[in-house]
Structures are given as structure tokens and as C-alpha cells.
Amino acid sequence: MNIPQLTDFSEASLDAAFAEVRALAETAITAASFDKEQFRLEWLGRKQGYLGQISDTWLKAAPVEAKKLIGQRFNALKQTIEEKLAAETLLDSGIEISGLDITLPGTAQRLGVEHPLVKTMAEIVSVFQRMGYSVGLGPEVETDFYNFEALNFPPNHPARDTQDTLVVDAQDGKPLRDRLLMRTHTSPVQIRSMLEQAPPLRLVIPGKVHRNDAADATHSPVFHQVEGLCVDTNITFSDLKGTLDHAMKAFFGSAVKTRFFPSFFPFTEPSADVQISCIFCGGKGCRKCKHSGWIELLGCGMVDPAVFASVNQRRIELGREPVYDTARISGFAFGMGVDRIAMMKYGISDIGLLYSGDMRFLEQFA
Ligand code: PHE
């Protein structure tokens, strides 16, 4: 482009001169052969750019009286060109700001939602939060000490076999209590919490656990539990019964009944298994409850004094007060399987679906 010298400085002829340049720029930008970088060089280039040339030949060379008129027009031209160029850049990045074609399919933004397990776990946790419980968490890779020893599973005790533990490789060189394993339950967080905090304590502990179970419709080597721990003065088995009965009613509906059976866990004494009246048939008996009218849901019991003793001992090792004095305090604990509860709640018959990552399955919970 050749920039002619200006001779007529009337507003009308200045307008005409600038309009001509502006039309040239617009033609270049909308041309099929438009190349942004080339345009930038040609028009905005520091030395040889057309705008630079216009500034030199029109603005700088103009008589003083005309400078203001030319300057205003020059700035407007420059702004227009920069705006057009910016619009082109946006178009390139896929954001359509002009020429919207409403007949094209839209680009839907897919919203993420909670996984049914996470949702169920959060709902259970919130039932206990409303009763004044705080949330506690712990690691999935645990030591033998927290997962077993401090919970009163002595070395070689047969109760360890029931946990189908997945162990971390190359731990044989360490003392047993330091060996790493995948936690088989959320109960080790009971110990971790009591080492950190003095009583009174009310904690609900959601989390992922691992067991060497062969996968089938009701077993998965990875599953989830919600643990509970309440330690204070005057905590009795009635408190445990009342708390769990209330929690089950709050979660499943007020018509649900609970019943307690003697059971065994090394870290609770006495221990109980809790059943709820079948949420499908209301207790009359159906296929889901194997015609018993009851569904087994969780394990629980009063915290075994041996657990408080190992907490106290470890607290001393850590230089902390052994404040879990069984003459003053007592407590209860419980643990429930989240996966089974989610499966019941949503009518899921194969636990594997919860871990498949199959969007066709997961989208049903959106
Ligand atoms: N941790 C036990 C299990 O996984 C459940 C449980 C928790 C039992 C707390 C009693 C008290 O089977």
C-alpha cells in the first residue's frame, strides 16, 4: 500500500482518507486468505506497518492546526483494527461472537455429580453430624499397629485371618507393628483420634477400606465403611442402642426398627451385630431379606478397656497424658458397610457397577 500525502485538511476529506484505509483493513481481515500474523506485521508492525506509515506521513507531517483532527481519526482507526483482530482471535479459539448459527447442535457442558457411594457416605455422616459428631479421617495405607495391634488383635490371633489383609510388599525387615498394609477397616482411625484428642470424643469416620476378597456380586476388594466412636463419662450400652436406633430411623425412615445380637470384635466388649427391619417389605419377609424380615447392617460394641490401655500406653510413648482412664470414661464404637447400604438404597444388585466407572450406570444418579 502506498500512503499518499494529504493536501486537503478539511474534516470531510480527512474522513474520506481514513475511511479508505479502514475499508482496506476490513477487506484484508475478512479475506479468505486472511493470515493473522501476516496482517499484524503488515498493519501493526513497528517499523514498516501501515499504521506506522500513516502516523509518519499524515500525523507527524501535518500542520499544527490539523494535528488534533488527524490524531482523533488515527486513534479511532487503530482501535477499530485492533478490535477486529481480537474478534478474529476469539473466533479462532472457537468462541463464536458473531454469525451465531442457532441451527447447529449446542456444546452442552456436562455437570459432575457425586458418585452414589460418596453421596450415601455423606448422608450417613450428616445423620451423625446432626447428633454433634465431628468427622475424622485416616490413611488407607496403615501400619499393623493401628489396624490390628492397638485394636487388641494380638500377633497370630485368628481374628486377623477374618480380615483378609492385603499387605504392602517388602515389609519383612521391619518390626511387625511398623509393617504397612492396606487398612481392612476404618477402626484404626479410632486409635489415631484418641492419640490426638482427649475425651470427650464423638467422631464419625468415613473411608475406603481394602480386603483380599474375590470380586463377585456382593464382594469387592475395595469398599467403604463409616465408623463411629463416642467416648465420655457415663457412656453405656443404652447410649449405643439409642444412638444407632435413632441413626437408622433418620437414614432409612422412622418406621425402621433395630435389633441387637451378641457378636465378637477384639476391640469391643460386649460386641453386637445390628439388624434393621427389612426396608423392602417392612419386616413381613421377602426375597431381599431372605424371608427373615431383617437385614444385617453393622457391627458395634462398647470400647474394650484393652483398647484404651494401648491408647494410653502409646500416648505415654509420645509424651502425652494417658487420659483414657477407664475408671472415669467409657465409650462405644460402630462400623457399617457403605456399599451394601448404597446398593439397598438404589436397588443395585452388583457391587462391581459401583467401581466400573461406566458412565451409562453412573449417569442414572445425576
Ligand atoms: N471394624 C469392624 C469391621 O470392619 C466393624 C466394627 C467397628 C465393629 C466398630 C465394632 C466397632 O468388621
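Mentor: The account below begins at the ligand and then turns to the core.

This is a predicted model, in which local features need pLDDT of at least 70 and side-chain atom pairs count only at pLDDT 80 or more, while totals for chains, interfaces and linings use all residues. Residues are numbered from 1 along each chain as its sequence is written, and side-chain values use heavy atoms, with hydrogens and water left out.

Of the 14 residues around the ligand, H185, S187, R211, Q225 and E227 come nearest; a residue counts as near if one of its heavy atoms lies within 4 Å of the molecule. A nitrogen atom of the ligand is 3.0 Å from an N or O atom in the side chain of H185. Ligand oxygen atoms are placed 3.0 Å from an N or O atom in the R211 side chain and 2.9 Å from one in the side chain of Q225. The protein covers 91% of the 330 Å² of accessible area that the ligand has on its own, as computed by the Shrake-Rupley method with a 1.4 Å probe.

T186 belongs to the loop between β3 (180–182) and α7 (188–196); helices (H or I, at least four residues) and strands (E, at least two) are DSSP runs, numbered from the N terminus. T186 is buried, with a relative accessible area of 0%, where buried means under 20% relative accessible area, exposed over 50%, and partly exposed in between (1.4 Å probe, protein chains only). Its side chain is joined to that of E227 by a polar contact of 2.7 Å. Such a contact is a pair of N or O atoms within 3.5 Å; within protein, one must be able to donate a hydrogen and the other to accept it, and residues adjacent in sequence count only if both atoms are side-chain atoms. Not counting residues up to four places away in sequence, T186 also touches I205, P206, G207, V209, Q225 and V226, among others, contact being heavy atoms within 4.5 Å.

The largest nonpolar core has 45 residues, of which F128, L244, M248, F252, C300 and M336 touch the most other members. Such a core is a set of buried Ala, Val, Leu, Ile, Met, Phe, Trp, Tyr and Cys residues joined through side-chain atoms within 4.5 Å. Leaving aside neighbours within four places in sequence, F252 is in contact with I276, I279, L297, I341 and M344. In α10, V338, D339, I341, A342, M343 and M344 are buried. The buried residues of α10 pack against α5, β5, α8, β7, β8 and β9.
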